[in-house]
Amino acid sequence: MSAKPRIAVHKFASCDGCQLAFLNAGEDLLTLAELVEIVHFPEAGPLDPAAKVDLAFVEGSVSTPEEAERIRAIRRHSRVLATLGACATAGGLQALRNFANAGEWLAGVYATPETVAALDTATPIREHVKVDFELWGCPVNGEQVLQAVRDVLFGVSPAIPDEKVCLDCKRRGNPCVLVTRGEPCMGPVTRTGCGALCPAMNRGCYACFGPAENPNTAAFANRLEGLGLLPDEVARRYHFITSQAPAFRAAGKKEAKDETP
Amino acid sequence: MTDPRRIQVPVLTRVEGEGALDLRIRDGEIEKLQLRIFEPPRLFEKLLEGRPWSDVIDIVARICGICPVAYQMTAAQALEEIFGVTVEPAIAELRRAMYFAEWIESHALHIHLLAAPDFLGFDSVTAMAEQYPDEVRRGLHLQGLGNRLLALLGGRSVHPVSVCVGGFTRLPERRELNALLEEYREALPLAEALLAWTATLKLPDMTQDFPAVALRHPQVYPIEAGRIVSSEGLDIDAAAFPEHFREAQVAYSNALHCHLHDRPYLVGPLARLNLNRDRLPPPVAAVLERTGITFPSANPFHGIVARAVEILLAFHEVIRLLENWRAPERSRVPFTVRGGVGHGCTEAPRGILWHRYALDEAGMVRAATITPPTSQNQARIEEDLRQALPRFGLERPDAELRAFAEQVIRNYDPCISCATHFLRLQVERAP
């Protein structure tokens, strides 16, 4: 019998919520432990950051010099590397400092900011190393994570949905938040994966799964302005949890009339 | 003088977030003890500035994936104070039930996945499951029930989406509640068995002297409301928190330590139970009585038992709150946005969580201050280690000392990702 596939779960700047896809999985966690060998997952116990693995999940964005080094080492030891959630894939909320003066922010929170090792930016894993596949969401959808593990075990690339939240809304029969309530909803430019959760809970989508395929962000910005939103308010909707996804970063900058690259 | 012995735990495992411990022993005494937190700063208090009030609840949830509801409820309380909103009783009941669901999830996760392996000699829950399959499955089942109520009320268990100023975006339907309540009733004996089981664990016998701080409510066990009280007679409302609690820079270190009147103090399940033993519903008190463990307890390791007490309490409270719950006419009350300052203080799974927001007239955040439980417990964890390690025996082999130190720290269930403003902790004693 061949050895079990080896899996690692690494943490960078994050809230730990995406790792709960495993820790909240209940019986599935025990099944997973039978199918694979979990060699590194500090929150669950196993610690071996330098182990060679078949599949490494990375939660969190790169926000310190140490993290920038560590992600390169992880890449070298991992056959397949996948991001786990919005921080690793699109920066997370902490990436909002990329649009601000990060030094001033740090000085605003810490009495001696010079002793805190932090980069001026929080960036997605993709900007540092090659990523084999990305799981979106704040948090990730737990079923999607376990499905991805299955796919990798079977030797196929995970099929990750990239269509718009609107399509799931129609399938669920949710009344359209934008049309029937006249409230902002990011569904028309946002990737599904949540199952159109927010509209089902009577509120607009806030884009925690990042941009869908081919999002028409400019036309949608006009639509939001048609609801009475100011350009700054539209910019804040693009620059939220997934602000470092290129489509949203650019759309927000355009609205905010920010000319920096 | 002999060469010092250095013991390092480079990465603390089975805690939420990233931390490490450095310990230096010289001539049989602790020369240096460093609980280092290297969770990268995410600067939440700054990124809130300039955002509209309507983003706050979604933003602060992201401080902690384990206890997002605690952050949401505390922020809602502060914003509702600013806008002069009083939620309807049925909404307050639903919020309390949702918050208890998070306690179930968080406490069950800590007991089974993080702490119990320590007391039974395993390095992970999956290893423990091979010898203790029934106990592990029971724990995962209870954890799952907490998550399912969170998902019913909030859409999903991690970063739920329904809590809003004035109420909820969506209220559950009676049939949805009934189906889950049936499972909650069936789980009561399991939660009772869990409490009895935690009392049989071989917990180190170690008493310490520490002030306990928790909320206290006139009628019920505190979670979403109450005054801040301590075992030494403090009794204040949330707005007075900064007058008594200081996040001060320690002269010999770069760390911010939160002190109550210049002393470390304990928050969390043990502190809560020590101060609110008389608020347990009779059926919970009866099961606790049978364990033979008495509270208030001065043994920090009784934290795991206190967590199990709170899980059983949470099941009783959820059933009581939702059994005859009737939806109010409106899922949220209307309000007018205005400027001002508001405070929130609630009992997160790991202890009191304090928020303060200042909004301008347009409802934009001008300033935010968030004091999470783990930053409050940090000084207490160090104090505990300084007392516990010499009593355990500094002469013991490194591996034993290291394992015990980890166990002491883990007992506080430190949620380091909650650290909105942790620093690297450096304790350097005079030679």
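Predicted model: local features only at pLDDT ≥ 70, side-chain atom pairs only at ≥ 80, totals over all residues.
Arg96(B), Glu224(B), Glu317(B) and Arg320(B) are joined in a network of salt bridges. Over all chains, the structure holds 44 salt bridges. One of these pairs Glu37(A) with Arg6(A), with 3.8 Å between the closest N and O atoms. This pair links distant parts of the chain, since Glu37(A) belongs to strand S2 (residues 37-40) of chain A and Arg6(A) to strand S1 (residues 6-11) of chain A, 31 residues apart. Glu37(A) has a relative accessible area of 38% and is therefore partly exposed. Arg6(A) is likewise classed as partly exposed, because its relative accessibility is 27%.

Arg72(A) is partly exposed, its relative accessible area being 36%. In chain B, the side chains of Arg396(B) and Glu400(B) form a salt bridge with an N to O distance of 3.3 Å. Arg396(B) is partly exposed at a relative accessible area of 32%, and Glu400(B) is also partly exposed, at 36% relative accessibility.

The domain assignment divides chain A into domain 1 (6-153) and domain 2 (165-255). The centres of domain 1 of chain A and domain 2 of chain A, taken over C-alpha atoms, are separated by 25 Å. Contact between them involves 19 residues of domain 1 of chain A and 16 residues of domain 2 of chain A. About 1,300 Å² is buried between the two domains, and 63% of this area is on carbon and sulfur atoms. Phe99(A), Trp136(A) and Cys138(A) together supply 41% of the area that domain 1 of chain A buries against domain 2 of chain A, more than any other three residues.

Between domain 1 of chain A and domain 2 of chain A, the count is 1 salt bridge. A salt bridge also joins the side chains of Glu127(A) and Arg249(A), at 3.6 Å from N to O. On the side of domain 1 of chain A that touches domain 2 of chain A, 11 residues are nonpolar, 6 polar and 2 charged.

Helix H12 (residues 246-255) of chain A contains the buried residues Phe248(A), Ala251(A), Gly252(A), Lys253(A) and Glu255(A). The cover over the buried residues of H12(A) includes helix H10 (217-226) and helix H11 (231-238) of chain A. Just after H12(A), Lys257(A) adopts a positive phi of about 55°.

The interface between the chains brings 63 residues of chain B into contact with 55 residues of chain A. The size of an interface is often expressed as the accessible area lost when the parts come together. For chain B and chain A, the buried area is about 4,900 Å², of which 64% comes from carbon and sulfur atoms. The count between these chains is 2 salt bridges. Arg137(B) forms a salt bridge with Glu27(A), the closest N and O atoms lying 2.7 Å apart. Across the interface of chain B and chain A, 16 residue pairs are in polar contact, with both residues at pLDDT 80 or more.

Helix H1 (44-48), helix H2 (53-61), helix H4 (89-120), helix H5 (125-131) and H6 of chain B each contribute at least two residues to the side of chain B that touches chain A. H6(B) gives the most to this side, with 8 residues. By class, the side of chain B that touches chain A comprises 26 nonpolar, 19 polar and 18 charged residues.

Asn147(B) lies in helix H6 (residues 133-154) of chain B. Asn147(B) counts as buried because its relative accessibility is 8%, below the 20% limit for that class. Neighbours within four places in sequence being left aside, Asn147(B) is in contact with Asn24(A), Glu105(B) and Ser157(B).

How values were computed
Residues numbered from 1 in each chain as written. Chains lettered and ligands numbered in written order. Heavy atoms only, no water. Helix = DSSP H or I, 4+ residues; strand = E, 2+ residues; numbered from the N terminus. Buried < 20%, exposed > 50% of the residue type's maximum accessible area, 1.4 Å probe, protein only. Contact = heavy atoms within 4.5 Å. Domains from an automatic or database assignment. Buried area = accessible area lost by both parts, 1.4 Å probe. Salt bridge = Lys/Arg side-chain N within 4 Å of Asp/Glu carboxyl O. Nonpolar A, V, L, I, M, F, W, Y, C, P; charged D, E, K, R; others polar. Polar contact = N/O pair within 3.5 Å; in protein donor to acceptor, adjacent residues only side chain to side chain.
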